[in-house]
Amino acid sequence: MAPVKISHVVSFSSQDPKYPVENLLLEDGHRPWLSCPRDRSRQLRAELQLERASAIGYVDVGNCGCAFLQIEVGRSSWPRDQPFLTLVPSVALMTPADSKLGQNRCGVRMFKEADFLALAVGQKWDRLRLTCSQPFNKQGQFGLSFIRLRTPQDAEHPQHPPPSRQGLEDVEPADSPWRSSPAFCRTFFPEPRSSSREEEQLKSRLQQLEPGASSPARLSRPAQMVLSAARSRASRPRTGTGDPRGDTELPAEDTGGPAVPGPAQDVPAALTRARRQPSRRQRAPSPAGRPLQPGSPPRARLPLRGGRPRRSLAFLPAGVP
C-alpha cells in the first residue's frame, strides 16, 4: 500500500481564502478545505493532479461538514469534454439530522477496491475529481479535512522467489562446528515456512467478517494489517539455546542459606521453612522491651510479693536499697 502523492490542484469551484483547496496537498491534514462563506450553491468541486499515473487501491477521506461525496478518476491526456469515470459513487458522510444540527461534522471514511466500481479498478490514473455537497444545512461552511490515496496490496508486495541457500553453504563448509549446532542454524538460517493452518483460518475469518471481499486482496486495510502482522510473527526466527521451544530455566530464589547441590525442588520444604523462621531466642524480648545484648549477664528478678512482680534490681537507681 504505497502512498500516491498529489502534485497540484488543477481547478476548483469554491474555497475560503483562509482554508484554500491547497490544504489537501499537506501531509499533516490539520487545515481543511472549506467552501466560501458567500457561496450558496452548497456544492464543491475540485480536480487534482497526481504525481504519476498509478493504480488506486485505497482512499481515505476526512470529512468536514459534507453530507455527500463522489470521487471520479481520469487521465490528463484525455480531451476536456471527455467525462471522468466514477471510482466511488455518491456516498453519505452525514445524516440529514446531523447536518441540520451541525453534529458529527468530522469523521473518516476508508474505501477499498471492493467499494470501487469495476470499470475503474485495476487501471492507472493521474487525475482525481472530488464532488462534495451539503443540501441540508444552508448556513455553515463544509468541505474536506484531508484525502489519502494508496496503491493496491499486490503492487506493494510483489511475490519474490525465496533466496537460495546454496551460496551460503559454499562460503562455509558443511562440517563446520557452527553449522552443526541446531540453535545456530535455527537462529541465523531459518527454514522458509509455508502458509500455516492458523493463517488460513485467519483469512477465512476475515472474509466471513467482510462478505464483499471475494479474495484476500480485497480485504479492508485493517484486515490487511492484521494479516500482515500474523505473517511477520510467523516468519520471525525463534531464539533459544538448546531447547527448541526457546524456554530458559529461571534461577532458583536465594533464601539466604548455604548452597545445596542439586535442583531446587530436591530441597525439603521443612528445611526451607526452618531457614526462614527466626529462633525463639532472637524473637524473645527482654523485660524492658529490648533484646538482650550478647555477653551481658542476665538480670536478676525478685520473688513475687502480693501476686505482683517487684522491679528488677538492675533498674533501681543508685543509692536506693
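Helices (H or I, at least four residues) and strands (E, at least two) are DSSP runs, numbered here from the N terminus. By that count, this protein has eight helices and 10 strands. The model is a predicted one. The protein has 321 residues, and 30% of them count as buried. Among contacts between residues at least 6 apart in sequence, 71% join residues at least 24 apart.

**Nonpolar cores**

- The largest nonpolar core has 33 residues.
- Those with the most contacts inside this core are V59, I71, L87, L128, L144 and I147.
- Seven strands are listed as suppliers of at least two residues each: β2 (6-12), β4, β5 (58-64), β6 (68-74), β7 (85-92), β9 (124-133) and β10 (143-150).
- Apart from this core lies another, of five residues, among them A213, L219, A223 and L227.
- L144 belongs to the 33-residue core. Leaving out residues up to four places away in sequence, L144 touches L24, P32, W33, V61, G62, N63, C64, C66, L69, L130 and C132.

**The helix pair α5 and α6**

- Helix α5 covers residues 197-209 and helix α6 covers residues 221-234; their axes come within 11 Å and cross at roughly 175°.
- Angles over 145 degrees count as roughly antiparallel, so α5 is roughly antiparallel to α6.
- On the α5 side, the contact is made by E199, L202, K203 and L206.
- On the α6 side, the contact is made by A223, V226, L227, A230 and R231.
- Sorted by type, the residues of this contact are six nonpolar, three charged and no polar.

**E47 in strand β4**

- E47 lies in strand β4, which runs over residues 43-55.
- The relative accessible area of E47 is 12%, and buried means under 20%, so E47 counts as buried.
- The side chain of E47 makes a polar contact with the side chain of R129, at 3.5 Å.
- Neighbours within four places in sequence aside, E47 is in contact with V9, V10, S11, F84, R127, L128 and R129.
- One of these partners, L128, is listed with the residues that have the most contacts inside the 33-residue core.

**T86 in strand β7**

- T86 is placed in strand β7.
- At 22% relative accessibility, T86 counts as partly exposed.
- T86 and R129 are 43 residues apart in sequence, while their C-alpha atoms are 9.2 Å apart in space.
- With neighbours up to four places away in sequence set aside, T86 is in contact with Q70, I71, E72, L117 and A120.

- T151 is in the loop between β10 and α2 (153-156).
- T151 is buried, with a relative accessible area of 12%.
- The C-alpha atoms of T151 and K124 are separated by 9.9 Å, and the two residues are 27 residues apart along the chain.
- Not counting residues up to four places away in sequence, T151 touches M1, A2, V4, A55, G57 and Y58.
- D115 is found in the loop between β8 and β9.
- D115 counts as partly exposed, at 31% relative accessibility.
- D115 and R218 are 103 residues apart along the chain, and their C-alpha atoms are separated by 9.5 Å.
- Apart from neighbours within four places in sequence, D115 is in contact with L87, P89 and M110.
- One of these contacts, L87, is named with the residues that have the most contacts inside the 33-residue core.

- R42 is not a glycine, yet its phi is positive, at about 60°.
- R42 lies in the loop between β3 (33-34) and β4.
- R42 is buried, with a relative accessible area of 7%.
- N104 is likewise a residue other than glycine with a positive phi, near 55°.
- N104 is found in the loop between α1 (96-101) and β8 (106-111).
- Exposed means over 50% relative accessible area, and N104 is therefore exposed, at 56%.

How values were computed
Residues numbered from 1 in each chain as written. Predicted model: local features only at pLDDT ≥ 70, side-chain atom pairs only at ≥ 80, totals over all residues. Heavy atoms only, no water. Buried < 20%, exposed > 50% of the residue type's maximum accessible area, 1.4 Å probe, protein only. Polar contact = N/O pair within 3.5 Å; in protein donor to acceptor, adjacent residues only side chain to side chain. Contact = heavy atoms within 4.5 Å. Axes fitted to C-alpha atoms, helices over the stretch in contact; angles between N-to-C directions. Parallel < 35°, antiparallel > 145°, perpendicular 65-115°, else oblique. Nonpolar A, V, L, I, M, F, W, Y, C, P; charged D, E, K, R; others polar. Core = buried A, V, L, I, M, F, W, Y, C linked by side-chain atoms within 4.5 Å.
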